[in-house]
Amino acid sequence: MRIDAKGIHYRPLNKIIRIAAASGEKEFELDNVGGQRYIGTGLNDSIKITINGTPGNDLGAFMNGPKIIVNANAQDGIANTMNAGEIIVHGSVGDIIGYGMRGGKLYIKGDAGYRVGIHMKEYKKQVPIIIAGGTAGDFFGEYMAGGIMILLGLNGKSPLVGDYVGTGMHGGVIYIRGKVDPYHLGKEVSCLELGEEDMKLLGSYLKEYCEHFGFDFNEVVGGKFTKLVPLSHRPYGNLYVY
Amino acid sequence: MKVDGIPSGCAISGMMSEDGRRIDGRVIIKSIACMHDRSNGLGGGFAAYGIYPKRKDQYAFHMMYDNIESKEATEEFFKDAFNVDKDEPIPTFRENGISNPPILWRYFLEVPENKLEFISERDYVMKTVMKVNSDIEGAFVASSGKNMGAFKGVGYPEDIGKFYKLEDYSAYIWTAHGRFPTNTPGWWGGAHPFTLLDWSVVHNGEISSYGINKRYLEMFGYRLELRTDTEVIAYLFDLLVRRHKFRTDRAIMALATPFWKDIDRMEPEQKKIAIAIRQVYGSTLLNGPFSIIIGHSNGMIGLNDRIKLRPMTAARKDDMLYMASEESAIREIAPDLDEVWSPRAGTAVIGTLRDVE
Amino acid sequence: MESQLPAEFVVNVDYEKCRRCKRCVMNCSFSAIEFKDKVTPNHRQCVACHRCATFCPESAITITENPLAYRYGYNWTPEIRKNILKQAESGGIILTGMGNPKPYPIYWDHMLIDACQVTNPSIDPLREPMELRTYLGAKPECLEFNSDSSLKTELAPQVKIDIPVVFAAMSYGAISLNAHKALAMAAKRMGTLMNTGEGGLHEDLAGYTDNIIVQVASGRFGVTSKYLNNSAIVEIKIGQGAKPGIGGHLPGEKVGEDISKTRMIPVGTDALSPAPHHDIYSIEDLSQLIYAIKEATDYKKPVSVKIAAVHNVAAIASGIVRAGADIVVIDGFRGGTGAAPMIIRDHVGIPVELALAAVDDRLRQEGIRNRASILVGGSIRQSADVVKAIALGADACIIGTASLIAMGCRVCQKCYTGNCAWGIATQKPELVRRLNPEVGADRLCNLLSAWGHEIQEVLGSLGINAIESLRGSRERLRGVGLGQETLDILGIKHAGIGQ
């Protein structure tokens, strides 16, 4: 189903998609998207939505299954509390993406803004993953409780990542392709060398990632990575007195 | 189709031609309308620079009056305080659902020589603005700069833009605001932009340090009685840049000051300056979530709070600089851009006029 | 005729639990427990310092108030009757220690702090930056820059503190050297300051220059040019909240070898601090002393002036700022002391909350608030008091009693006896030894870190991440149960009123 979204408010637009998906439509292509919010939000069906233009905030929030491809930059709040599915952005994204994300994949070709993957968490078999090809702002992986975040810095921009990386992190793992000055790290993370298991894990996700965006897998995976893990699952255990 | 938004704050958008090309108001209305859902119909407004080229040396006062009495009282006061070169109603289009506007009138004013014996011209104008806003019941100065004006009111910004017939104005800087008021009631004077002299501010977010910013400004003769946190931003720029003669980057360093941990790592001379600014101007720090666009005669400044709690996207295309709460609001009016970026926290995006006129 | 006052407290010993180890006897410094075949209390000597009960390995000791009934009299309280009996017997001024215990209103407890909900977000203090660093000293009204963009304005000396809490002035003499050492060590570790009080600086504290405020009081004990320069800040003590307008008196028996050396007075002589500085009979004289100190320290140290909160405090503080002080310390009427006449401690001065609000307002009205930092004390009991004080306009708070409690003090109010069982307000070597300076310092550091975290929690809930955005931000306070006049003085609105 192809929809010209020019000038359509998000409510009718999303309603069209909801109704069509419920009646079995599997593929949507939205043209001239300009800031419409909540595309894919709350959808449970295994559908594919291709977005041409800049989608609005909360793209794929509470999403549980669909695949979304954005052929432009995207804005704030992508994959907010997402449970399952896949979002692929052929551009850069704004702030607070993957907030409380519990499952699924979020692949970004370019840069990510501030507060990426805040309180991302995993539960049983659900392990969310975010990969950004460029740089990221401050508070990358703040409060991270589970899942995997990978930052690649492929566009060579500096700084690779902002301050307070993994501040309050108490679960999950962050891989950053390049060096991170300890000054930029939160108090609750430690820096580790990568082992064989790590390389295997990176390899499987990066292969898929590179295929989406046409990056050279060997070059990407051949970079020197830094691994960040939480020092403790209870970083504030000693802060209180009873 | 109009739908009430969720409480996501407000929308701001700004555009400027650094070459000083003047663009009519339809473009900025289109941009701010794209973010309709960020506001709730209780406030919208615009600031425009370069709109009165034939009277560019006169202070253009845009006034809002609750009633004829307040208009008469203000005009009586103006007659004494200024040479009133011209006054006229601000043209409006009354058929698009905007209800209960105040009396909207504009004045082109000059300051008589004899008033300036002990005070600079702009300090004098600033004091008269404060006096009208505080002392004349029902009168409000919407803007008071030269060759610029604020157009604002209660309504969605796109409706306010049509109401003021912004298609008839051409400006080299336009800023716009869609309001989702929380702390102050939706009254015409309370809509953004807030202005003083040629400073204008559109603001998304809330200034959690308002209490001390206000008390600090009061020490310097500012009167803050508009029941909104945004006015402190305009006055702080006025204080720092105009009165204390700060460069823009230094003013930014006071208002969105670097963290101590970053100051501690600066080069010695820079560090000395940063420490001194924090020591002396700690009370000017704008704390809390904000993204703002400041307009002034020579440019436009975009700024986020120092941990970037409100959104801002900036973009360039040829001589144009754009800033908005959302990228889509820029793409709406400039689909092909040379450059799009998200400014870092506490780092200003500065547009400067290369050549006026 | 002896009045034979009944005991204030009763020491109860559970003889079934008592193992007769005599630890209580050894620990009691007030001779309230003897050993005569068994542990035998002398109730009348007990001050409820808890030392015996704390150290009894069997928890066999409890201390209760003497239940002896006095016939009820709202007017003639037992305390008043006892004081009259004591004075009728002795003809003396009633002496006491610590701060005012009377049930005057505590305005801190009638102010509530704001918090963010939706329209402005709170900030997470654990994971995001939350800055408490504060600089004490005079600030210019504005900064000027040279054409090469370097800084033109030269700032007066500024002293950095990492937490807006400073230890209050307590002299070596009033408290022990071990207590002084603990305070100095803690101040250094926590990036804050301790204050020598008026008793001079013991040579063991010479290494703490950057963390010490040295005091110049009317007795000028131990004040030399070296002393003045061995400091971060020099403080002129005009008054103290517990005893405004009153001097001090360290009895000769406390002036041993070490104190004699530190205060530079002969062993065994009374150390008398006159009520006024006899070189300050007016404000211009204060200015003269301020600048004498600035000359003596080459303008490298901020000069602080400490006053008690009295009725006209706002005008006095304004005068002090105009006289050239870089810091004004205001000590409220609930402030502590080693010794003070009860009539003064309990009836003179005003609450620091009101004094602070009045001073901050006055300095702002005069446009000179930037010219001096304001420190306040006089019963800062908890971090909430610090937050409220800063919101009212203080730069930082001073804590005396709270720091003593952290080191073990049980507030028995017998500091003036020199028998402090906890090794704090005493000079007896066998008692002083009870306070290990390292342990004391650890406990003080713990207290300050805990308060620091709590202040950060509040800042976070207020949605601000730097202490300067709280300072003077009275909009973030609301009064509860206060009358309009009090609200006006405090410059705050009543709870229930929005912006």
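**Close-up views of a predicted model**

**View 1. The end of helix H3 of chain C.** In this predicted model, H3(C) gives way to C:Gly91, a residue with a positive phi near 75 degrees. The helix itself covers residues 78-90 of chain C, 13 residues in total, and from its first C-alpha to its last it reaches 18 Å, which is close to the 18 Å expected at 1.5 Å a residue.

**View 2. The two domains of chain C.** Chain C is divided into domain 1, residues 9-92, and domain 2, residues 134-494, and the centres of these two domains, taken over C-alpha atoms, are separated by 34 Å. Where the domains meet, 9 residues of domain 1 of chain C are in contact with 7 residues of domain 2 of chain C. The side contributed by domain 1 of chain C consists of 5 nonpolar, 3 polar and 1 charged residues.

**View 3. The contact between chain B and chain C.** Here 30 residues of chain B are in contact with 35 residues of chain C. On the side of chain B that touches chain C, the elements giving two or more residues are helix H5 (210-218) and helix H9 (268-281) of chain B, and the largest share, 7 residues, comes from H9(B). Sorted by class, this side of chain B holds 14 nonpolar, 11 polar and 5 charged residues.

**View 4. The contact between chain A and chain C.** Chain A brings 8 residues to this contact and chain C brings 4 residues. The residues on the side of chain A that touches chain C comprise 4 nonpolar, 3 polar and 1 charged.

Definitions and conventions: Residues numbered from 1 in each chain as written. Chains lettered and ligands numbered in written order. Predicted model: local features only at pLDDT ≥ 70, side-chain atom pairs only at ≥ 80, totals over all residues. Contact = placed C-beta atoms within 7 Å. Nonpolar A, V, L, I, M, F, W, Y, C, P; charged D, E, K, R; others polar. Helix = DSSP H or I, 4+ residues; strand = E, 2+ residues; numbered from the N terminus. Expected span 1.5 Å × (residues − 1). Domains from an automatic or database assignment.
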